[in-house]
Amino acid sequence: MKNLLFCVFCLSLFSCTGHYDKVLPDPAPSVYFWRTVFRLDPAEMKFLRIHGVKKMYVRFFDVEPDGRQQPMPVGTIRFVTPVPKDIKVIPVVYVEHTCLQHVADLAEKIVKRVSTMAETNNLSINELQIDCDWTISTQKEYFDLLRKIRTMLAEKGTYLLSTTIRLHQLSAEKPPVDYGVLMCYNTGNLRDYQAGNSILSEKDVRPYLSQLRKYSLPLCVAYPVFDWKLLFERGQFRAILREADLSDPTLYRRKASHLYQVVRTHSLASPDPESFGLMLRVGDEVKVDEVTASDILHIQSLIEEERPEIHRQVVIYSLNSPDINKIKPYEMDQIYHR
Amino acid sequence: MKWIKFIIVSLFCFYGYKASACVDLYTPATCYMFSVYNRNSLIGDSVKLKHIAFWKAYTQNQLSDKDLSNALYGKDKKERQLLTDYLSRHNDRDAFYYVSLLASMNRISSDNDQWNYPTKADLINRKKTWLLLLKEASRKIDRSKNLSSRYWLMAVRAAFYSGNRKMCQQLWNKYSRKFPKGYIKDLAEGYQANYWYGDGEREKAREFYARVGDLRSLRWCFRNDIGLSGIQRLYAEAPHSMAFPYLIQDYVNSMDNDRMSLDFEEPGKVDSIKLALEKEMNDFRTFASTVISEDKVEYPALWKSAAAYFAYLEGKNKKAIDELAEADAMKGNERMKDNIRAIRFLVSSATADYHQGYDDYVLKELHWLVDKVKAEPMYADWYSSRSHYTDVMERIVFFNLTPGYLKAGRFTTAAALTGMVHEYIDVELSNQKHGQIPPGSNKWNMAQDYNNELFDLLDTADVKDVVAYAALIRNTDKGTDLEKYAASYCYNSSDYFNELIGTKYLRLEQFGEARTYLEKVPLAFMSKLNTAPYLHREVTSPYWFAWQMRGKLKGKRYVTAVLTENPKLAFCDEMLNLQHDFATATDDVKKADCSYRIAELYAQASLTGDCWAYLHYSWSAYKESVRSHSQENYCRKAQEWLEKSNELDFSDANRVKCLFALASLSDKPWSEIGYDENYKEKLIYHFDGSQAKAFNDLYPLRSSPAFVECGLKKCDNLSNYFDHFRDFTKKMIF
């Protein structure tokens, strides 16, 4: 009897891990690629190589409402260099939640466009991820969209469908997908001048940890390596700054460890040729939120207590030279659990 | 001593407000003083309009702009039907072929359905089409009689988009000298500029964009060179760069605007920002000095004048004038020299002592500015029609000359200059008319005549100054040469000034003087005032009992009909009569009655009353700004006359009315809603306030017949006070 019980116990353990493997074939170190031009520089290629990255979740396009509130694709990626051969590409489509009112043919459009993009750019795909910041009020529409997408993908063959899961969504019903990527970043409110680190903070993560254990959708997790500079005008959030050299004393004065004041009105160039850039005025403030390896490792340890298997696949957000070089290789390996 | 400091600071703030309140913080007048290139000429007709204009002439005006637009930019046969039919009728095969090639190009250039992503087949097809276009258009360049340059442009474009760089450049090299200057050639060159920039020939690309006025591309080219460090980098790379006028102009104007915006910043933030600004301006001045000494730049006058401008911004006006003189002697193009002259005018106006000799200089420079305004095309923006030189006029007159002349005690000169600039720029050049609401603006208080720099000046000035100004512009022989010149541009409607002066006397309670002006104003003019719809209200209905007469008063709140009498004039007559009655009354009861009626009139015409439009040309929920603007004390006067009435007649009937009226006019209610430290609502009591005092005095009268006849039992505010008072006294007793 004891032997029988022991066998049952081992089988159940095995089935837990086996189930995870069944849903997520080949869990591997992964990255998100979120730029609109696919071009890898030597540092990025090196990163992929030394950390054995095998999967790249690549944002293909966003879906946002146009002037007539119709969902439209924007920010479509352009492939300038080929994807490394040994890396699997998983297209990601971000859907602005206001577009969920027009689900009728949205699923078809998304699947068709993703397929055409893959074919035109010689990418072999068998998986799709949808990213959306849905809430209880838009849950029904979002889940409908996912079901429709899943049906269409099934017609094409064997496809996996995944979605991003934000911390606040852990308390909601699980979406009809094969697995989720828990977004362990943007945990705070970046628009709040008084908030602490809006990228990753234990204070923001802790309240959701108890829900993690009960959440039944298979999960892997994504961690941030980026930082951002948030522009505030009289305490009101205005923009995320992409290019701002805060070390320039003719433009900025450091007020505190993560806070700078604009001392000269100037424009920051925008890569968008239609834009003259963002105007920063005298008196505006720039708040810097950044994340270190030890911040990530600490959060990982908290999460692991609730969900040990979640780190079988870790996704880094995102593959971008300035960001990935901030973390030392051995620290990155620790984050990847290698 | 703190109250002295408060008064001084308040006066300073008020002066600062008056000096620079005339314009918004970020109007063109505050942002674009330094001008070595005409930024407004870069706002021109689009290429599309030029194409349409060409084909309109080609088809001898037989087709509308819309038809041509559809034909030239559409994709299918139906859209170009009218044009192709025309070309067929005229047997113009060449143009017919060109238009068909154009349609092919349009089909692959843009896709109306954003959801479409090109398949491999689409990409192949596009490339094939571009190559076909390249071949066919190239073939027709030398053969086409009338459309050679257009075929050339099409071929260049096709080469570019098919990735055939060599061919694109060959086409340019072969034909660019053949075709004349114009927008077709500029468009073709634009593709070369793209290559130049990518190849590192950045200056060559910048020169091109600067020449054609493609400010967007130009700014993109030097997007990393903005600011002093950018200018220094560019100088090291290309001392002769075409970009310097653009860079330096943007740079100087941004520094100027930052420096000016400090006046509007909170005091705590100013010092560190000011220090940083001054350091940078000094760094630029040092750098400019080096640049000039190295003698590599084409226009040293540009650098010197920029440095001089920074000296002015730092308050070193004498230095600025000296350096401007040096800049004037250096090499610069005509616009740079004009810029120096404009800045010299600005700097001198900041420090002049405004004696007669200076008038001659101002007169000369104004003549010059007006000539410059006439010579440069205007453009329309959110504010009005304007050009660089109208901005200069506004900056110099509103920010320097007007305050300067005011400070020197020369109101009429200040007003004439302000009037001139306003009338010339905002009315004449903008094709506005007096007495009209500008299209699109709020009908309420935005009439041109009561919302401008001149009106602000006149409305807040001493009435005697306004009388003198009105006399000047009606009879310019009395003025100085400068005043005569400025006044010749000014609005000189006698109705406008009679009405304004009469109202100013009305505010000062000089009803006789007010009358002499107001009686000259025709009803037609009164009915066109921006506040005319509010002038139909009843001034004799007591303000404090208005809540009892809502139904009666409702229909008169906003009436757009023509006035049948001048209510301001009627008000003067009523006041004069009552004052006479008061003076001649022999018994106190009659005097009390007169006092009460006078108080009624004062209250209704005050900012708080229904007839605020008698004394004001605008009304705001933020009453303090309007009250201080318009120098009237009608509310306080009403209170004084009520107190007088109360003292003269002790009868319950009179006391009830007066006390209730005083309570209604109080600026401190007995209770109001406030917030605690947790931002929860709570009631705040002011038992020491005048309303509480008046209500207190009413309490013993609450059972009198007069109290009932006045309907005060229905006043909730009063009832609540009594209830509270009763509870309070009960607690006191116990």
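Mentor: We will take chain B in outline, then some of its parts, then a few places in chain A.

Trainee: Before that, what kind of model is this?
Mentor: It is a predicted model.

Trainee: OK. How many helices and strands are in chain B?
Mentor: Chain B has 36 helices and four strands.

Trainee: And what share of chain B is buried?
Mentor: Of its 734 residues, 51% count as buried.

Trainee: What about contacts along the chain?
Mentor: Take the contacts in chain B between residues at least 6 apart in sequence. Of these, 66% join residues at least 24 apart.

Trainee: Let's pick a helix. Is H20(B) mostly covered or mostly open?
Mentor: Mostly covered: 18 of the 20 residues of H20(B) are buried. The helix runs over residues 388-407. From first C-alpha to last, H20(B) reaches 28 Å, close to the 28 Å expected at 1.5 Å a residue.

Trainee: Where does H20(B) bend?
Mentor: At B:Val397, by about 40°.

Trainee: What comes just after H20(B)?
Mentor: B:Gly409, with a positive phi of about 80°. Then look at H21(B), residues 411-428. Here 17 of the 18 residues are buried.

Trainee: How does the span of H21(B) work out?
Mentor: The 18 residues should span 26 Å at 1.5 Å a residue. The end C-alpha atoms are 24 Å apart, which agrees.

Trainee: Switching to single residues. Where is B:Asp359?
Mentor: In helix H19 of chain B, residues 356-375.

Trainee: Why does B:Asp359 count as buried?
Mentor: Because its relative accessible area is 1%, and the cut-off for buried is under 20%.

Trainee: What does B:Asp359 touch?
Mentor: Leaving aside neighbours within four places in sequence, B:Asp359 is in contact with B:Tyr405, B:Arg410, B:Thr480 and B:Leu482.

Trainee: Now the surface. Which residues form the nonpolar patch?
Mentor: B:Ile673, B:Tyr675, B:Tyr679, B:Leu683, B:Tyr685 and B:Phe687. Together they have about 720 Å² of accessible area.

Trainee: Which strands supply it?
Mentor: Strands S3 (671-675) and S4 (681-685) of chain B each supply at least two residues of the patch.

Trainee: Where is B:Phe687, then?
Mentor: In the loop between S4 and helix H34 (690-698) of chain B. B:Phe687 is partly exposed, at 43% relative accessibility.

Trainee: Where is B:Gln60?
Mentor: In the loop between helix H3 (47-58) and helix H4 (65-73) of chain B. B:Gln60 is exposed, at 54% relative accessible area.

Trainee: What is phi of A:Asn186 near?
Mentor: Near 55°, a positive value in a residue other than glycine. A:Asn186 is in the loop between strand S9 (179-183) and helix H5 (202-205) of chain A. At 36% relative accessibility, A:Asn186 counts as partly exposed.

Trainee: And peptide bonds?
Mentor: Most are trans. A cis bond joins A:Tyr317 and A:Ser318, with omega about -5°. A:Ser318 is in the loop between strand S18 (314-317) and helix H8 (321-324) of chain A.

Trainee: Last topic. How many residues separate B:Gln510 and B:Cys572 along the chain?
Mentor: They are 62 residues apart, yet their C-alpha atoms are separated by 8.7 Å. B:Gln510 lies in the loop between helix H25 (494-507) and helix H26 (511-518) of chain B. B:Gln510 is partly exposed, at 31% relative accessible area.

Trainee: And in chain A, where is A:Gln101?
Mentor: In the loop between strand S6 (88-95) and helix H3 (106-120). A:Gln101 counts as exposed, at 54% relative accessibility. A:Gln101 and A:Gln70 are 31 residues apart in sequence and 9.4 Å apart, C-alpha to C-alpha.

Technical notes
Residues are numbered from 1 along each chain as its sequence is written. Chains are lettered from A and ligands numbered from 1 in the order in which they are written. This is a predicted model: local features need pLDDT of at least 70, side-chain atom pairs count only at pLDDT 80 or more; totals for chains, interfaces and linings use all residues. Side-chain values use heavy atoms; hydrogens and water are left out. The expected span of a helix is 1.5 Å times one less than its number of residues. The bend at a residue is the angle between axes fitted to the seven residues ending there and the seven starting there. Buried means under 20% relative accessible area, exposed over 50%, partly exposed in between (1.4 Å probe, protein chains only). Patches are made of residues with over 30% relative accessible area and no salt bridge: like charges are joined within 9 Å, nonpolar side chains (Val, Leu, Ile, Met, Phe, Trp, Tyr) within 5 Å. Accessible areas come from the Shrake-Rupley method with a 1.4 Å probe; for residues, only the protein chains shown count as cover. A salt bridge is a side-chain nitrogen of Lys or Arg within 4 Å of a carboxyl oxygen of Asp or Glu. Contact means heavy atoms within 4.5 Å.
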